[in-house]
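Biologist: Could you walk me through this model, starting with the charged pairs and then moving on to whatever else stands out?

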Amino acid sequence: MTLALGGGATLERQSSQETRVHPHARIFSRARKKQQKEFFPSVMEHLKRKGGRPPHEPSPTDRRLVEVLTAEGLSQHEICSILAVTPKTLRLRYREELDRGSARLEASLAMHLYRLAGGKSAVALRAIKFILKARFGWSEFAPRPPG
């Protein structure tokens, strides 16, 4: 008994228990399996793929840029938009530069405040008061000493 399989392949049946496939039918079935594999990857192939963006590798130029921008007073959000990274990546990859830049900013602001306090105007008086309150814990409302 001969059955037509499509694409010119035939299935020849010799007996009720034994089935023999025409040689060309195997070629077509392999092509069909390959086509199915391309369109429907198996679960194991899907698990082997790695998704997402490649990891960010900071260059020395980027490190210097982050430190300078932080020292100039830019926020982390603005620095992230310049470098095109997320805030989490910025804090993870540039922690030392962020700390060093913020320390430089604080030092420059303190030096400017001390320069202002060295003057002889009303601004100097306010700067001196601020320094005494912030750095040394002075208060205008402290109780008077007994006497």
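Biologist: How far apart are aspartate 99 and arginine 95 in helix H6?
Modeller: Aspartate 99 and arginine 95 are 4 residues apart in helix H6, so about one helical turn separates them; helices here are DSSP runs of H or I with at least four residues, and strands are runs of E with at least two, numbered from the N terminus. The two residues form a salt bridge in which the closest N and O atoms are 3.0 Å apart, where a salt bridge is a side-chain nitrogen of Lys or Arg within 4 Å of a carboxyl oxygen of Asp or Glu.

Biologist: What kind of model is it, and which conventions apply?
Modeller: This is a predicted model, in which local features need pLDDT of at least 70 and side-chain atom pairs count only at pLDDT 80 or more, while totals for chains, interfaces and linings use all residues. Residues are numbered from 1 along each chain as its sequence is written, and side-chain values use heavy atoms, with hydrogens and water left out.

Biologist: How many salt bridges does the rule give?
Modeller: The count comes to 5 salt bridges, and a network of them links Arg63, Glu67, Glu97, Arg100 and Arg104.

Biologist: Which partners does glutamate 67 have in helix H6?
Modeller: One of them is arginine 100, whose salt bridge with glutamate 67 has its closest N and O atoms 3.1 Å apart. Arginine 100 lies in helix H6 and glutamate 67 in helix H3, so this pair ties together parts that are 33 residues apart in sequence. Glutamate 67 also forms a salt bridge with arginine 104, with the closest N and O atoms 3.5 Å apart, and that pair likewise links helix H3 to helix H6, across 37 residues.

Biologist: Is glutamate 67 buried or exposed?
Modeller: Glutamate 67 is buried, at a relative accessible area of 10%, whereas arginine 104 is partly exposed at 39%; buried means under 20% relative accessible area, exposed over 50% and partly exposed in between, using a 1.4 Å probe and protein chains only.

Biologist: What else does arginine 104 touch, beyond its sequence neighbours?
Modeller: Leaving aside neighbours within four places in sequence, arginine 104 is in contact (heavy atoms within 4.5 Å) with Arg64, Glu67 and Ala71.

Biologist: Switching topic, which residues make up the largest nonpolar core?
Modeller: That core has 9 residues, namely Val66, Leu69, Ile79, Cys80, Leu83, Val85, Leu90, Tyr94 and Leu98. A nonpolar core is a set of buried Ala, Val, Leu, Ile, Met, Phe, Trp, Tyr and Cys residues joined through side-chain atoms within 4.5 Å. Helix H3 (60–71) and helix H4 (76–83) each supply at least two residues of this core, and H4 gives the most, with 3 residues.

Biologist: And what does cysteine 80 contact away from its own stretch of sequence?
Modeller: Outside the four places on either side, cysteine 80 is in contact with Val85, Thr86, Pro87 and Leu90.

Biologist: Where is alanine 84 found, and what is its phi?
Modeller: Alanine 84 is found in the loop between H4 and helix H5 (87–93), and its phi is near 60°, a positive value in a residue other than glycine. For background, most residues other than glycine have a negative phi. Alanine 84 is exposed, with a relative accessible area of 55%.
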